[in-house]
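Subject: A structure for you to look at

Hello,

I am passing on a structure that you have not seen before. Please open it first, and then read my notes below.

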Amino acid sequence: MVVRVFIACLGTETNTFSNLPTGWKTFEETMLFYGDATDNEPNTFSLPLHIWRKRSEERNYEVIESVAAFAQPGGKTLDSVYEELRDRVLSDLQSAGEVDIVLLSLHGAMTAESYEDCEGDLISCIRKIVGKEAIVAAELDLHCSITPTMVENSNFLITFKLYPHTDIGARAEEVFNLASNTALGAVAPRMSVLDCHMINKFRTSNPDMAKIVSHMEELEKEDGILSVSFAHGFPWQDVPFTTAKVLVVSDGNEQKGNAVAADLRDRIWTARNDLVQPTLSIDDALTSISEKPGLTIMADVADNAGGGAPSDSTFVLARALERGDKNLLIAYFWDPVAVRIAVEAGEGQEILIRVGGKTGPSSGLPVDIHCTIAAIKEEASQTFGDTKTPMGTAVWLRGHAGVDVVLTSKRTQVFHPDGMTCLGIDPAAYKGIVVKSSQHFYAGFEPIAEEIGYINAPGDIPPDFADIGFTNVSNPFWPKETGPFWQSEE
């Protein structure tokens, strides 16, 4: 028997509070392939497809490749865009005939105008086509909402374990091996899902959170436990199932899976106060930079493009200029207008240029900078894990007041220092660098930083988790309520 494997990718991370609509242009600029993603260099969310094709071909499985579409996080996806992409996947699946395995690279927090659970909708449509016997499995970002519809219509789901997400490839391998073993009858996956009633950000660079990850890996060594995931949830997706979940895949032993899930949930709950990263005010962060020896990295977490923010807020920039801070770099500002002006002026030119503050009130007011255009890089890119992420045209502005900025024509968060060094910037030459990112910068910058901190500035994804203006979240959650919300198994 030849095993037939259908692979596809469709996703984005939806900030339902964002005023940036997610349409065709965003998908086209981020990633959009129609059946040929694996003929191209891997993108963050196409990487699993490359791995699944390679592993399938090594086993002489037949591969049918469909859409690979991913959009930079923003507001709700237009219904017409989601439906066309979904229907293209479903049409390809129907045309493929009988398949044994369906492997999906999804995010898990995608919302369209009329679809609060795009992943659940897609998976349920796929299940209707392939029937009960085919294996349907998905790899998810850990900032996902695990919904009943997703669970009921798939054989198993596996999330990333690490944040920053440096284990995308490893999880893709895990998904493939488990799906293949299931199709061959070697295992019988059963999912156990428990709600942690928590909404927050859990960075696995935090030693206490790293211990949770290590514990998950130890649990996977137990007999009958196939996979253990902690779905952190995405705090700015206002849908009923946003709260964090633990998900355990057992080998036909749901009772044991439930017990393992309860143990993990209770462990996470007990450690909750130690798992979250403290943040600093803008002034405290800038003062810390000035007082600390060596290079300090501060993350402007509320203006992270990877969370659906515009990446053009000026609150930190404006305050740094008011204070007279020196030897500071702030990156990246998504400002195609300023990029266009800088390109027109050319490298080496002195210019007065207006930066940021263009998308709405959460971006603050535009800031005028007297600067020299130090460098322009067309088709700039930066490393993220095992892949490269495009930045569009990048511009380095040397501020005459002592604060430099980097502009990009494509909206992206800061991932890696090579997005700066490609412009000729030496990060170590600065006293401090403020990055518009929540955590994905960490893997690249930690080796060169003396200190790393996180700023609680205004923006589209502020880290005030008890005060997010939810209207659709159905469950009580910490830190808005103290809990506990269940009886401990101990």
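A crossing of two helices is called right-handed if the near helix is turned clockwise from the far one by less than a right angle, and left-handed if anticlockwise. With that in mind, here is what turned up in this predicted model.

Let's start with the helices. Helix α2, residues 47-58, crosses helix α6, residues 168-183, in the right-handed sense. Angles under 35 degrees count as roughly parallel and 65 to 115 as roughly perpendicular, so α2 and α6 are oblique to each other. On the α2 side, the contact is made by Leu 47, Pro 48, Ile 51, Trp 52, Arg 55 and Ser 56. Facing them from α6 are Ile 168, Gly 169, Ala 172, Glu 173, Val 175 and Phe 176. By type, the residues of this contact comprise eight nonpolar, two polar and two charged.

Now to the strands. How many of the residues of strand β1 (residues 4-11) are buried? Eight of its eight are. One side of β1 carries Arg 4, Phe 6, Ala 8 and Leu 10, the other Val 5, Ile 7, Cys 9 and Gly 11, and both faces are covered.

β1 also has two parallel pairings to look for. With strand β4 (residues 101-106) β1 forms six bridges, where Ala 8 stands opposite Leu 104.

Enjoy exploring it!

Best wishes

Note on methods:
Residues are numbered from 1 along each chain as its sequence is written. This is a predicted model: local features need pLDDT of at least 70, side-chain atom pairs count only at pLDDT 80 or more; totals for chains, interfaces and linings use all residues. Side-chain values use heavy atoms; hydrogens and water are left out. Buried means under 20% relative accessible area, exposed over 50%, partly exposed in between (1.4 Å probe, protein chains only). Helices (H or I, at least four residues) and strands (E, at least two) are DSSP runs, numbered from the N terminus. Two strands pair if DSSP finds at least two bridges between them. Axes are lines fitted to C-alpha atoms, for helices over the stretch in contact, and angles run from 0 to 180 degrees between N-to-C directions. Angles under 35 degrees count as roughly parallel, over 145 as roughly antiparallel, 65 to 115 as roughly perpendicular and the rest as oblique. Contact means heavy atoms within 4.5 Å. Ala, Val, Leu, Ile, Met, Phe, Trp, Tyr, Cys and Pro count as nonpolar, Asp, Glu, Lys and Arg as charged, and the others, Gly among them, as polar.
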